[in-house]
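Colleague: I have a new structure open and would like to learn how to read its features. Could you walk me through some of them?

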Amino acid sequence: MSFFFDPEIAMSSKLMEIIYFFIGFMVIYTAVKNLRDKENPERIGTFTFWFVLGILIAFGNWLPSVVSGVLVFVMCVPAILHKVKKGRTNAPSKKETEAAFASIGMKIFIPALSIGILAVAAALTTKVIGLSALNGVAVGVFAAAVFLMIFNQKNTPMVLLNDSERMLSTVGPLSMLPMLLACLGAVFTAAGVGDVVASLVERIIPAGNVNIGIIVYAFGMMLFTMIMGNAFAAITVMTVGIGGPFVLAYGANPVVIGMLALTCGFCGTLCTPMAANFNTVPVALLDMKKQFGVIKNQVPIAIIMILIQIIMMMILK
């Protein structure tokens, strides 16, 4: 009931509802554009996937859970059958890109920076203006779009919409993976996976040996992140199962341990295709020949970093 009486929560949630409307209709536009695109070899499957996803994003808050579940199943069918394809993209040529950069110059970084700045500003002033960091990111995206239109008059709202569609169509169903993995982390935590992990680990870690607990916790974060593709989802399960009972319970600093444990998870992010937005999406966007080319170059760095994180946790605990 706090939602109805806390103005900060209400304002933040209402703003996100509006933003989800924008996102949902942009995804529906992607569906319609691909349906009308005769160059798309799988128009029906592509339309079905994006249209259903758009409905879920825009109206999911009001749909009955059973209806949402059925729609998710319908949405997944064309993705599983590889019926979601990319049609005509109308990407700008190299000459057009170079000309646009020549006119804008280094100001091109201002739109990107505005997203981060507004996200941090919203997070730091949540109690004052009632907006969350997520609200700040969303508002930052709109601010970035305004900057782009100011810098180049060719960047009309329709151009931005078509470029958004091009990005979604290029990435395809993989764009859903981060959201699904984040949900999986919440499901695992609610299902008590952390308690199961704790019961297994207590047979290995000697009681009271914090350093061994740190090593198992760090590598557990890395491995579980590789499985789930999301360190933020992994840290809840690993902290309940290992971090809490075998490290923090013996007096380790929770701020230091929690912060470094999350970076241990990020080492796992570098090593897994499940982290689609980092390791799979660039392959699709850059049309790389080697599917795991990004990961192969990141593994040595991940190994070095995980060792550094463990040493830091032992020293600063």
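Colleague: Let's begin with N253. Which backbone atom lies 2.9 Å from a polar atom of the side chain of N253?

Modeller: The backbone nitrogen of V255 does. Keep in mind that we are reading a predicted model. N253 sits in the loop between α13 (231-246) and α14 (254-269).

Colleague: Which residues is N253 in contact with, leaving aside its neighbours within four places in sequence?

Modeller: Those are L248 and K317. Another way to look at this spot is by C-alpha positions: N253 and L316 are 63 residues apart in sequence, yet 8.0 Å apart in space.

Colleague: Is N253 buried, exposed or partly exposed?

Modeller: Partly exposed, because its relative accessibility is 31%, and the partly exposed class runs between under 20% for buried and over 50% for exposed.

Colleague: Now salt bridges, please. How many are there?

Modeller: The count comes to four. One of them joins the side chains of E17 and K14, at 3.9 Å from N to O. These two are three residues apart in helix α2 (residues 7-35), so about one helical turn separates them. K14 is partly exposed, with a relative accessible area of 45%.

Colleague: Which salt bridge links distant parts of the chain?

Modeller: Take E165 and K33, whose side chains meet at 3.4 Å, N to O. E165 belongs to helix α9 (residues 157-171) and K33 to helix α2, 132 residues apart. E165 is buried, as its relative accessible area is 2%.
A further salt bridge brings together the side chains of E42 and K83, 3.6 Å from N to O. This pair also links distant parts of the chain: E42 is in the loop between α2 and α3, while K83 is in the loop between α4 (65-80) and α5 (94-104), 41 residues away. E42 is partly exposed at 23% relative accessibility, and K83 is partly exposed with a relative accessible area of 34%.

Colleague: What about aromatic rings? How is a pair described?

Modeller: A pair of rings is described by the distance of the centres and the angle of the planes. This structure holds eight aromatic pairs. F21 and F59 form an edge-to-face pair, 5.7 Å centre to centre with 75° between the planes. F21 lies in helix α2 and F59 in helix α3, 38 residues apart. Both residues are partly exposed: F21 has a relative accessible area of 27%, and F59 has 30%.
F21 also pairs with W62, and that pair is stacked, with 5.7 Å between centres and 25° between planes. W62 is in the loop between α3 and α4, 41 residues from F21.

Colleague: Which residues form one aromatic cluster?

Modeller: F21, F25, F59 and W62.

How values were computed:
Residues numbered from 1 in each chain as written. Predicted model: local features only at pLDDT ≥ 70, side-chain atom pairs only at ≥ 80, totals over all residues. Heavy atoms only, no water. Helix = DSSP H or I, 4+ residues; strand = E, 2+ residues; numbered from the N terminus. Buried < 20%, exposed > 50% of the residue type's maximum accessible area, 1.4 Å probe, protein only. Contact = heavy atoms within 4.5 Å. Polar contact = N/O pair within 3.5 Å; in protein donor to acceptor, adjacent residues only side chain to side chain. Phe/Tyr/Trp six-rings, centres within 6.5 Å; stacked < 30°, edge-to-face > 60°.
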